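Colleague: I would like to learn how to read a model like this one. Please take me through a few features, with the general idea before each case.

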Amino acid sequence: MRKIYLHVLFMYFGILSTYAQTRPEPAKVDSSKYQSRKLKIDEINLVSAYYHQDGNNSAVTGGIGTEKLSDFANTIDLQMSKFNKRGKKNTFIFELGVDHYTSASSDKIDPSTISSASSADTRIYPSLNWTHSNEETGNSFGFTGSYSTEFDYQSMGAAFNLTRLSKDKNTQFDFKLQAFLDQWTVILPIELRTGNTGRGGEQYDTAPRNSFSASFSLSQVINQKFQASLILEPSYQKGLLATKYQRDYFTDGSMRSETLPDKRYKLPIGLRMNYFLDDRFVIRTFYRYYMDNWGIRAHTAELEIPVKINPFFSISPFYRYNNQVGTKYFAPYGQHQASEQYFTSDYDLSTLSSDFYGAGIRFAPPKGVFGWQRLNMLELRYGHYSRSTSLVSNIVSLNLKFK
């Protein structure tokens, strides 16, 4: 099921995948060096994360009730490459992810059962990327295919990516197009079902949700210490955008299933600036403004300061603040008017502010972690998230890189 924790996970792994600490320098290529045309393994990454949240504004029960949820996520990605006869590099990245969650609020979709099957689920999501690059110029393009499945949601995705660098390697343009063609299983709260529907062999209706997005990024090395990036990411969604098992309660005492427009336009605009203070300290900042046609407006600011303790060990504390003006379709429990066409009591879409902070440690000794040459890097990160709506969550992750 689509759940609130995905927002924090994306935000968390966005921080996890920020730029490396080293200063950007033009790529140096020895054209006389022989490049093997055999397919070889470049690296393998294993990431495990445990996430837990709690709160009292569950959208499943109309904006009140427990939001307790736990998720255990694991991903493995295998990166391989080979050079063709013209000396161009082909990189293949295969990723497989498996998440398993338990959710007290999802169990309230059908509270009449002793142990609802909706209280736990597993999501599996493989993807494959191919990128063709010119190591001398830094230019590249590629394609990605992806698939995701869980009990009530299936998704098929495709993407195209393009990178172009200036001759001096100080300016970089990145472009990406993505499309996700999804199918929701339409599950209503037990009170609104017309038949004896349930997970034990009964049939549900399905509805599409299609998402299309683009990403434009322009990065510039200003000088030896300072670099900046401007990011624009417009997107469009069409289909069933409401979560139909979420309840909404009205001033006249009635209850209905969440109803939202079937189209949504989003426009985030971001600015990232990195300053290399010296050989030990890097100051990374990020700001994003978000707007959509549902009336949501949001400002996000982030600061991360990696500190290199020695050449092989670093600590990276981070902090992110978000302030959001909610959608015009939101109202708390029991405050919707019967005349409203669209309505939600999902606090993800409400007016709110949030704080997300934590730290990471990174260990990458030249002889391998714990003396194991193949284990190139170990990174452990922890993050704490708190929201003005009373939602609190914690996440811890372990990243192992083998080369």
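Modeller: We begin with the naming of elements. Helices (H or I, at least four residues) and strands (E, at least two) are DSSP runs, numbered from the N terminus. Residues are numbered from 1 along each chain as its sequence is written. This is a predicted model, in which local features need pLDDT of at least 70, side-chain atom pairs count only at pLDDT 80 or more, and totals for chains, interfaces and linings use all residues; side-chain values use heavy atoms, with hydrogens and water left out.

Colleague: Where is Phe370 placed?

Modeller: Phe370 is in the loop between β18 (352–363) and β19. Its phi is near 55°, a positive value in a residue other than glycine.

Colleague: Is Phe370 buried or exposed?

Modeller: Buried means under 20% relative accessible area, exposed over 50%, and partly exposed in between (1.4 Å probe, protein chains only). Phe370 has a relative accessible area of 72%, so it is exposed. Ser390, in the loop between β19 and β20, also has a positive phi, about 90°, and is not a glycine. Ser390 is at 36% relative accessibility, so it counts as partly exposed.

Colleague: Which side chain does Asp99 join in a polar contact?

Modeller: A polar contact is a pair of N or O atoms within 3.5 Å; within protein, one must be able to donate a hydrogen and the other to accept it, and residues adjacent in sequence count only if both atoms are side-chain atoms. The side chains of Asp99 and Tyr125 are joined by one of 2.7 Å. Asp99 lies in strand β3 (residues 89–103) and counts as buried because its relative accessibility is 2%.

Colleague: What polar partners does Gln53 have?

Modeller: The Gln53 side chain has a polar contact of 2.7 Å with the side chain of Tyr51. A polar atom of the Gln53 side chain also lies 2.8 Å from the backbone oxygen of Glu67. Gln53 is part of strand β1 (residues 40–54), and at 2% relative accessibility it counts as buried.

Colleague: How is confidence read?

Modeller: pLDDT is the predictor's confidence in each residue, from 0 to 100. The chain has a mean pLDDT of 89, and 87% of its residues reach 70 or more. Over residues 196–201 pLDDT stays under 50, and the model has 12 contacts (heavy atoms within 4.5 Å) beyond four places in sequence for them.

Colleague: What follows from a low value?

Modeller: Where pLDDT is low, the predicted coordinates should not be read in detail.
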